[in-house]
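Work through each task before reading its solution.

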Amino acid sequence: MAELLLGKPVADAIYAKVDSAVENLKQNGVEPTLALVLVGNDPASESYEKSLVKKAEEHGIKTELFNLEQTVTQEEFEATIDALNNDDSIHGCLFFQPLPHHLDVHALQTKLDPAKDIDCITEVNSSKVYSNADLLFVPATAQSCLEILDHYGIDVTGKHVVVAGRSLVIGRPVSVMLLHRNATVTMTHSKSKKLKDLTSAADIVILATGRANAFGKNYFAPGQVVIDVATNVDEAGKLTGDVDFDEVEPIVDSITPVPRGVGSVTTSVMLQFVCSAAAHIAGLK
């Protein structure tokens, strides 16, 4: 039976750091504040917005909500970005994505102040992930994978890590972040040949393809660590990851469950980044 790499202990350890950072900020006259920008009424985004607000309030971080109409114009959208950039009381900004098709996401990537970009979507911050220089933020989900590995004492140095998925949100950045830690990384995707051979030969497998239960026992081998990043809904309406958990859990050494795995860590990382942004903007670090 595999060790379950549960997200809650990891998140709790990060929240302890958040609480300490918030206390220090407030002692220095700074109230860390997160702006949440939601365009339209996507149910998944609305649900995540509520959970973020709840967690932020629990840990002393103020939130400001900017719920824009689905029909917001590009000019109005960019005016919102400018207003957030110019508001000294706001330290972190999170724009829920995907945006409606009529809005140009490139404007967000180039206009948002990188010092407030806790989601690491600006071109400035994204490029720093690859150069590993002057980092303030990294993609929160990618960081969550590393936080889990660190918390459970899993050293990636010299290990062969296979990453399934090449998105800008998780696959590519987590691959590069692992390279910075001296892992040997193979990034795979939907066109990769002999994928089962690649994943089954790895020391660590990170899955972020968004395909429910697509990776069964034939993709894995004893002794492996499996980080399942995806959050999918299967045909039965059950929340699941990319891994067929019931098949794979008896084989591998350790695995993150879905839910209760990576997703529960991401919010804590986001709030930690808000504190970092507040300290940076206030000149406290």
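**Exercise 1.** Is Tyr 219 buried or exposed?

*Solution.* The relative accessibility of Tyr 219 is 17%, so this residue counts as buried (buried is under 20% relative accessible area, exposed over 50%, partly exposed in between, with a 1.4 Å probe and protein chains only). Phe 215, at 0% relative accessibility, also counts as buried.

The model is predicted: local features need pLDDT of at least 70, side-chain atom pairs count only at pLDDT 80 or more, and totals for chains, interfaces and linings use all residues. Residues are numbered from 1 along each chain as its sequence is written, and side-chain values use heavy atoms, without hydrogens and water.

**Exercise 2.** How many aromatic pairs does the structure hold? Classify the pair of Phe 137 and Phe 273, then that of Phe 215 and Tyr 219.

*Solution.* 
1. There are four aromatic pairs. Rings of Phe, Tyr and Trp (its six-membered ring) pair if their centres lie within 6.5 Å; planes under 30 degrees apart count as stacked, over 60 as edge-to-face and the rest as tilted.
2. For Phe 137 and Phe 273 the centres are 5.7 Å apart and the planes stand at 65°, so this pair is edge-to-face.
3. Phe 137 sits in the loop between helix 5 (123-131) and helix 6 (140-151), while Phe 273 belongs to helix 10 (residues 262-281); the two are 136 residues apart, and their pair links distant parts of the chain. Helices are DSSP runs of H or I with at least four residues, strands are runs of E with at least two, and both are numbered from the N terminus.
4. Phe 137 and Phe 273 are both buried.
5. Phe 215 and Tyr 219 have ring centres 4.8 Å apart and planes at 65°, so they too form an edge-to-face pair.

**Exercise 3.** Which strands stand at the edges of the open sheet?

*Solution.* 
1. The open sheet has six strands in the order 1-11-8-7-5-6, with parallel pairing (two strands pair if DSSP finds at least two bridges between them).
2. Strand 1 (3-4) and strand 6 (184-188) are the edge strands; each has a single partner strand, so one side of each lacks a neighbour in the sheet.
3. Strand 5 (residues 160-164) and strand 7 (residues 204-207) run parallel and are joined by four bridges. Ala 164 has Leu 207 in strand 7 as its bridge partner.

**Exercise 4.** Describe the surroundings of Val 161.

*Solution.* 
1. Val 161 is part of strand 5 and is buried, with a relative accessible area of 0%.
2. Leaving out residues up to four places away in sequence, Val 161 touches Leu 178, Ala 183, Thr 184, Val 185, Thr 186, Ile 204 and Ile 206 (contact means heavy atoms within 4.5 Å).
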